[in-house]
Amino acid sequence: EIRAFIGLLYISGALRVSNANLDELWSVKYGNGMVRATMSQQRFQFLALCLRFDSKLDRVIRKSLDKFAPFRELWDLFVNNCKKYYTPFENCTIDEQLVGYRGNCPFRIYMASKPDKYGIKIMMLNDSKTNYMLNAIPYVGKVEKDNNESVPGFYVRKLSEPIHGSYRNITMDNWFTSIPLAEQMLEQYKLTILGTLRKNKAEIPPSFINNKNGVGKSLFAFDRTKTLVSYTPKQNKFVLLLTTLHPASSINLMTGKPNVIHTYTEPKGGTDTFDQLCHSYTTSRKTRRWPLRIFFNILDASGINAMVLFSLKNPQWKENRSNNRKSFLKELGMVFIEPYLRERLEVPTLQKHLRQKISAILEIDPPERRAENTDLPKRVRCVFCVKGKDRKTNFACSACRKPYCMEHRAKLCCECENKDVN
C-alpha cells in the first residue's frame with residue numbers, strides 16, 4: 001500500500017498536479033481515473049498524515065545531538081544507495097540545492113539567489129555529464145570539522161569521499177574554492193578542482209585584483225600545481241578562477257577567452273540542472289512537516305537517478321523521441337501501483353465500476369465472480385466464530401457443508417474446489 005502511495009505521488013508529479021486539491025484530484029468529473037482506482041481519497045490522506053521516519057521514543061535525545069535526526073536514518077540509506085549503484089564520469093560538480101519550505105524548521109535558511117528563497121539547503125555532489133546525484137549532506141548549521149579546516153572545505157572533503165583517489169575533477173563556485181583546499185584535495189585525495197575565486201583571498205596578487213589590461217585581456221599565475229586566471233569580460237569587471245587541472249595558459253582563438261573559462265562553463269551546471277529537474281516534475285505536496293518535505297525531495301532525486309541508470313543501461317531507450325522524463329515517471333509510478341491493483345482486484349467486495357476500471361488499467365479481462373453456496377435453508381451461526389460473536393450466515397462449505405462467515409472463507413481455484421468436492 002505504501003508503494004502504491006509512492007506511485008501515486010510519481011504519477012501526480014509527472015502530470016504536474018502535485019499541488020492540486022485532493023477533492024479535485026479524486027473528483028469523478030475532473031479527477032484522474034488512475035488515482036480513484038488505486039485508493040480512496042481518505043486513505044491517501046491517512047497515509048500522508050501518518051507517515052513517519054523515526055521512532056518518537058528517543059527523538060528528543062537524538063535531536064539534541066543532531067537536528068536532522070527525525071530523518072537521518074532514511075537519508076543515510078538513500079545516499080548510500082546513490083553511491084553504491086553508480087560510477088561517475090571524469091567531471092563532477094559541488095553546489096547547493098535549496099528545497100523550498102516555509103514552515104517551522106530549526107535549520108531553514110534564506111537564499112535570495114534561489115527561486116524558492118526560503119527552504120532547507122542541501123550540499124550536493126553531482127556528475128556533470130548526467131546530473132546524477134552521487135552524494136549529499138543537509139546543511140544544519142554547525143559541523144564537526146577538523147582543526148584549521150574551513151566549513152566549505154569540510155563539505156568538499158565529505159562530499160567527495162566516493163571519488164577520493166580517482167584523479168577526477170570537481171567544479172565548484174567561489175563559496176567553496178580556496179587555495180589551501182586546492183592543495184589539500186590534490187595532495188591528500190588525488191582530486192583536481194576548478195572554480196571561481198573570491199577577490200578577498202590573501203594569496204591573490206594585487207595586479208590580478210586591479211586588472212586594467214583592457215576588456216578581453218587575461219592574466220595567468222602559476223606555481224607547482226596551481227594556475228590562477230584573471231579575465232576581464234567587460235569594463236570594471238573581472239573573473240578569478242583557480243584550477244589544478246590546467247597546468248599551462250591557453251586562449252581560445254574563436255572567443256578570445258582562456259580555455260579555463262570554457263572548461264568551467266560546461267560542467268558547472270550539474271547541480272543547478274538537477275535542481276531544475278526536481279522542480280519540473282516534483283512529487284511535493286503542501287505540508288507543515290519538514291521531514292515529509294525532505295521525503296518528497298528524495299522521491300524527486302530518486303526519479304532522476306533512476307532514469308540516469310536506466311538510460312545508461314538501455315541506450316536505445318533515448319533513441320525514441322517519445323521516451324522522456326515524463327513518460328519514465330509514469331512508468332515508474334505504474335511499477336509501484338500495479339501489484340497493489342492486482343491485489344485489490346481480488347477483493348470480493350470491490351465495487352463493480354472500480355473492478356472494471358482496474359481491469360482496463362491493467363489491460364486484462366475482469367475476473368468472473370463465483371457465486372457463493374447459499375443453499376442453506378436458513379441463516380445459521382458460523383462454526384468457526386466464537387459464540388460471543390453470534391455471527392449468522394447463509395454460506396456453507398461446498399465440501400463439508402459447514403456454515404462459514406466471510407471472515408473464515410478460503411479462496412480456491414476451480415480445479416482445487418472440484419477436487420475437494422469429489
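Phe78 is buried, at 12% relative accessible area. Buried means under 20%, exposed over 50%, and partly exposed in between, with a 1.4 Å probe and protein chains only. The model is predicted: local features need pLDDT of at least 70, side-chain atom pairs count only at pLDDT 80 or more, and totals for chains, interfaces and linings use all residues. Residues are numbered from 1 along each chain as its sequence is written, and side-chain values use heavy atoms, with hydrogens and water left out.

Phe78 sits in helix α6 (residues 69-84). Helices (H or I, at least four residues) and strands (E, at least two) are DSSP runs, numbered from the N terminus. Leaving aside residues up to four places away in sequence, Phe78 touches Met133, Ile298, Ala301 and Ser302. Contact here means heavy atoms within 4.5 Å. Take Ile298: 220 residues separate it from Phe78 in sequence, yet the C-alpha atoms are 7.8 Å apart.

Now turn to helix α11 (residues 270-280). Its buried residues are Gly270, Thr271, Phe274, Asp275 and Cys278. Viewed down the axis of α11, they fall within an arc of 135°, so they line one face of the helix. The arc is that of the directions from the helix axis to the C-beta atoms. An α-helix has 3.6 residues a turn, so residues three or four places apart point the same way. The cover over the buried residues of α11 includes β1 (91-100), β3, β4, α12 (290-313) and α13 (325-345).

Asn131 lies in the loop between β3 (118-127) and β4 (133-138). Asn131 counts as buried because its relative accessibility is 14%. Beyond residues up to four places away in sequence, Asn131 touches Asn126, Gly269, Gly270, Thr273, Phe274 and Leu277.
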